[in-house]
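Here are my notes from going through the helices and a few individual residues. Have the viewer open while you read.

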Amino acid sequence: MKIRDSRKYFVVLYLTGFLIGIISTNLISRKMILYSGIFSESFINQYRQMQIEPGKYLWYVIGNRVFPVLLLGILGCMRRKKILVVIFLCWTGFLCGTGVTLSILKMGVKGMLLGIVSLTPHILFYIVGYFILLWYLYQYPKVQWNGAKTIGVGLSLAIGILLETWVNPVLMQWIVRSL
């Protein structure tokens, strides 16, 4: 079986973007890296003091998680579905590679730990939901959309949103206070 016809192709595309993100972040001047805000001490101190209201945060998370899925679904109605999948996987890999590199350069092992906790546990559900949608787009017209896929994407996204809203802030507060 060719790699393009298997799920391994998704991993290769993602890791390609991830590697490009790492390389590009390392090539950026040190001055820019030092002034990036998210892994700065002042950001960490602000987060330690912050009280997150789950009700308000829920609407923020919904807006930021549902919109990309809807956009991907709408753009998936175009002819070039496979190109969309390639761009999406490379882009998300690039963003992850950039984030990991910045966190390590700014905070070392603590930054890596902070990055992992910031994605826990909701990322697992987002991956499942996105995988269903991306696999459909990539395999179209061999694979047809159906109710089970709709339920799978919707349920995965909903569980991810709930975990990101109520569980992740508790984990983040715990880890930030212990750093």
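Before the points, one convention: a contact means heavy atoms within 4.5 Å. Helices are DSSP runs (H or I, at least four residues; strands are E, at least two), numbered from the N terminus. This is a predicted model, where local features need pLDDT of at least 70 and side-chain atom pairs count only at pLDDT 80 or more, while totals for chains, interfaces and linings use all residues. Residues are numbered from 1 along each chain as its sequence is written, and side-chain values use heavy atoms, with hydrogens and water left out.

1. Start with H5 and H6. Val100, Ser103, Ile104 and Met107 of H5 meet Val109, Lys110, Gly111, Met112 and Leu114 of H6. The two helices pack at about 140 degrees with their axes 6 Å apart, which makes H5 oblique to H6. Axes here are lines fitted to C-alpha atoms, for helices over the stretch in contact, and angles run from 0 to 180 degrees between N-to-C directions. Under 35 degrees counts as roughly parallel, over 145 as roughly antiparallel, 65 to 115 as roughly perpendicular, and the rest as oblique.

2. H6 also packs against H9, at an angle of about 165 degrees and with axes 9 Å apart. That pair is therefore roughly antiparallel. On the H6 side the contact uses Leu113, Leu114, Val117 and Ser118, and on the H9 side Asn168, Leu171, Met172, Ile175 and Val176.

3. Which residues of H3 (residues 41-49) are buried? Ile44, Tyr47 and Arg48 are, with buried meaning under 20% relative accessible area, exposed over 50%, and partly exposed in between (1.4 Å probe, protein chains only). They cover an arc of only 105 degrees around the axis, which puts them on the same side of H3; the arc is that of the directions from the helix axis to the C-beta atoms. Gln46 and Gln49 are exposed on the other side. The buried set packs against H5 (81-107), H6 (109-118) and H9 (168-178).

4. H7 (residues 122-139) has 18 residues and reaches 26 Å from its first C-alpha to its last, close to the 26 Å expected at 1.5 Å a residue; the expected span is 1.5 Å times one less than the number of residues. Its buried residues include Tyr126, Gly129, Tyr130, Leu133 and Trp135. The partners of H7's buried residues are H1 (8-27), H4 (54-75), H5, H6, H8 (147-166) and H9.

5. Leaving out residues up to four places away in sequence, His122 touches Gly160, Leu163, Glu164 and Asn168. Asn168 turns up in the H6/H9 contact as well.

6. In the loop between H6 and H7 sits Pro121, joined to Thr120 by a cis peptide bond with omega of about -10 degrees. In the loop between H7 and H8 sits Pro141, with a cis peptide bond to Tyr140 and omega of about 10 degrees.

7. Last one: Lys81, in H5. Lys81 is buried, with a relative accessible area of 10%. Again skipping residues up to four places away in sequence, Lys81 touches Gly76, Leu137 and Tyr140.
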